[in-house]
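This report describes selected features of one protein model. Please look through the sequence and the structure before reading on.

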Amino acid sequence: MKKFLSLVVITAFLLSAFCACSPETSGKTGSTQTSTADTSAKTSEISRANTPDKLPDDIDFGGRTITLFVRGDGNEVWTESETQELINDAVYNRIQRVEDRLKCKIEVYNAGGANTDMLAAIRNQVNTGSSECDLAVCPRYYSISLAPEGCLVNLTNYSNYIDFDAPWYQKGFIKAATIGLDKIYFVTGDASYSSFTIAQGLAFNKKVYEDNLHTSADELYQLVLDKKWTLDKMIEICKGVYQDDGNGQADDKDIYGFGITPNAAMIPYVVGCGVELSKYDDDGMPELALNTPKTVEFVAKTIDLLNNTTGVFNPGTSQEAYDLTIAKFKGGTLMMTKCDIKDLGSYRDMSDDYGMLPFPMYDENQDNYRSYVGDYSTMWAIPKTAEDINSSAIFLEAFSADGYRYVTPTIYETALKKAYARDDKLSQMLDIINSTVTYDFASLHSSKLEGIEYLLIGVFGTKGSNFSSTYEAKEPAITAALEKLKADYENVFDEE
C-alpha cells in the first residue's frame with residue numbers, strides 16, 4: 001500500500017522571503033500554458049518561458065499515475081493545494097501543468113527523512129522486482145551509491161527524451177556524474193530548487209568592512225567582477241579587521257574579519273580554490289588527483305590562515321561553534337563567513353547591510369570562480385524496475401523543463417534577488433555563484449571513497465598538521481575504495 005503526502009509546508013527559510021511579496025503574482029504565471037510548440041508559434045523570440053524541449057506535443061499517458069519517491073515532505077516537487085505563498089503555488093502550478101501536458105497524475109511517496117532511507121526504499125524495490133517508484137528524488141551524499149549497486153537506469157539510453165544540453169540540467173553535475181565516457185545515472189537542476197538555493201558563497205557585513213577598512217564595501221564586488229578576488233586578497237583584507245573587546249585576549253567577544261568552522265563549512269572554500277579530488281582517464285574512468293604541489297601549498301596556507309592569522313575566528317568544529325559564528329555575523333562582530341544562498345533570508349532582520357560573494361579563486365591564474373552546492377541537495381534517478389522507463393524519462397524532461405520556465409524564476413528572480421537584496425549588486429553575485437557551480441566525481445562519491453571530500457578539512461583545523469603525511473596514511477584505503485567503485489560500475493556496464 002502506498003502512503004502519500006497530505007499537506008506539504010514549504011520550508012521556513014524560503015517562506016520568510018515571500019510574505020512581503022504581492023499575492024497577486026502567486027502561482028499564476030504560465031497557468032494557461034498549452035504546449036511549447038503553441039507558445040513558440042506565437043513569437044519568434046525565444047524567452048525562458050518558451051524555451052523548447054525535445055518532447056513531442058501529443059504525449060498522452062492515458063491518465064496513468066507517476067509515482068515519485070521523495071525524502072521527507074518533498075516540498076521541492078509537491079504540494080497539495082494553493083496557499084497564496086509564491087513558492088508553494090509555483091510548485092503546485094507546475095504539478096497542474098505537467099499533469100495536463102502529459103495527461104497523467106502525480107503522486108509522491110515519503111521514503112523517509114533520513115539520508116539513507118531513500119537507499120533502502122530503492123534497494124527494496126529493485127531486489128523485490130517492484131515497479132512502485134517511477135522516479136527517485138534523492139538526497140545526494142548517500143544516494144549516489146545506488147548507481148554502482150546497479151539499481152538505476154543509465155539515462156543516456158533515453159537521450160531521445162532527456163536533453164542533457166538543455167539549460168534545465170546543471171552542466172557541472174552532468175560532467176562530474178558521467179562515468180565511462182557516456183554513462184549517467186543521476187541528474188540535477190531545475191527539477192528541484194535545492195540545486196541553486198544551497199549553492200554556497202561568503203556573506204559579508206558591510207558596516208564591519210567599512211568601519212575597519214575605511215573604504216566602501218562595494219570594492220569587494222568590484223574585485224569579484226574584475227576577477228581579482230583571490231585567496232591572498234581575502235587573507236590581506238581579513239588581516240585588517242580585528243578589534244579586541246578590551247580584555248587584551250582574543251576571544252569570541254572580539255570583532256574579526258573572517259570566521260569559519262573547519263568542518264563541512266570549508267568544503268566550498270576548497271572547491272573555490274580549484275582543488276580537485278579526481279580527474280578522468282582517456283576511458284572516462286576516475287583517478288585520484290588530490291596529491292599535487294598545489295594542494296600541499298594550499299593546505300599549508302590554510303592551516304596558517306585558520307590558526308595563526310589575526311582577524312580570523314576559528315571556534316572549532318562543533319555545531320555550537322558553527323552557531324556562534326553565525327550569531328557573530330548577525331550581531332555585527334564578524335565581517336565575513338560561509339553562507340548558503342538560502343541563508344540570506346535569515347539575515348533580513350539585520351540592522352547592518354550585508355552582501356554575498358563567491359568564495360575566492362586560489363590565484364588569478366585560475367580560469368574562473370568555482371562554487372559548491374551542499375551535499376544535501378537533490379538528484380533525480382530512475383530505478384531500473386520502474387513500470388515504464390520511457391514514461392519516466394519523458395516525465396523527468398517535462399518536469400525539469402517546466403521548472404526552468406516557471407518555478408526557478410519565481411524563486412530565484414522574485415525572492416532571492418529581490419526580497420533578500422540590500423543593494424543592486426547582489427543579483428550579479430548570485431548569478432556568478434550559480435553559473436560557476438562545480439562538482440567532482442570523487443566528491444559526489446565521497447561516501448564510497450573513505451569520505452575523501454572531508455580529508456583536507458581534517459587537516460585544516462590543527463596547528464602542525466601536514467597534508468603529505470595525512471594523505472600518505474589514507475591513500476591506500478582511498479585507492480582501494482576507488483578501484484572497487486570502478487569495478488562495481490564496470491559490472492553494471494556489463495549488465496546493461
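## Arginine 64

Arginine 64 is buried, with a relative accessible area of 18%; buried means under 20% relative accessible area, exposed over 50%, and partly exposed in between (1.4 Å probe, protein chains only). The residue lies in the loop between helix H2 (36-42) and E1. Helices (H or I, at least four residues) and strands (E, at least two) are DSSP runs, numbered from the N terminus. The side chain of arginine 64 makes a polar contact with that of aspartate 134, at 3.0 Å. A polar contact is a pair of N or O atoms within 3.5 Å; within protein, one must be able to donate a hydrogen and the other to accept it, and residues adjacent in sequence count only if both atoms are side-chain atoms.

The model is predicted: local features need pLDDT of at least 70, side-chain atom pairs count only at pLDDT 80 or more, and totals for chains, interfaces and linings use all residues. Residues are numbered from 1 along each chain as its sequence is written, and side-chain values use heavy atoms, with hydrogens and water left out.

## The sheet with E1

Four strands form an open sheet with mixed pairing, in the order E2-E1-E3-E13. Its edge strands, E2 (105-110) and E13 (378-381), each pair on one side only. Neighbouring strands of this sheet are turned by 25° against each other on average, direction ignored. For such angles, axes are lines fitted to C-alpha atoms, for helices over the stretch in contact, and angles run from 0 to 180 degrees between N-to-C directions.

Two strands pair if DSSP finds at least two bridges between them. Strand E1 (residues 65-70) pairs with E2 in the parallel sense over six bridges. Valine 70 stands opposite asparagine 110 in E2.

## Strand E4

In strand E4 (residues 199-205), seven of the seven residues are buried. E4 pairs in the antiparallel sense with strand E10 (residues 334-340) over five bridges, and leucine 202 has lysine 338 in E10 as its bridge partner. Four bridges join E4 to strand E11 (residues 354-357), again antiparallel; here alanine 203 is partnered with methionine 356. Two antiparallel bridges link E4 with strand E12 (residues 372-373), where tyrosine 372 stands opposite glutamine 200.

## Aromatic rings

The whole structure holds 23 aromatic pairs. Rings of Phe, Tyr and Trp (its six-membered ring) pair if their centres lie within 6.5 Å; planes under 30 degrees apart count as stacked, over 60 as edge-to-face and the rest as tilted. Phenylalanine 395 and phenylalanine 399 form a stacked pair, 5.2 Å centre to centre with 20° between the planes. Because they are four residues apart in helix H14 (residues 389-419), they are separated by about one helical turn.

One aromatic cluster consists of Tyr185, Tyr280, Phe441, Tyr489 and Phe493. The charged end of lysine 183 sits over the ring of phenylalanine 493, 5.3 Å from its centre. Likewise, the charged end of arginine 48 sits over the ring of tyrosine 404, at 3.9 Å from its centre. A charge sits over a ring if NZ of Lys or CZ of Arg is within 6 Å of the ring centre and within 35 degrees of the ring normal.

## Cysteines

A search of the whole structure finds zero disulfides, a disulfide being a pair of cysteine sulfur atoms within 2.5 Å. For cysteine 138, the nearest cysteine sulfur is that of cysteine 133, 7.8 Å away. Cysteine 138 is buried, with a relative accessible area of 0%.

The sulfur of cysteine 339 is 15 Å from the closest cysteine sulfur, in cysteine 238, which is too far for a bond. Cysteine 339 also counts as buried, at 0% relative accessibility.
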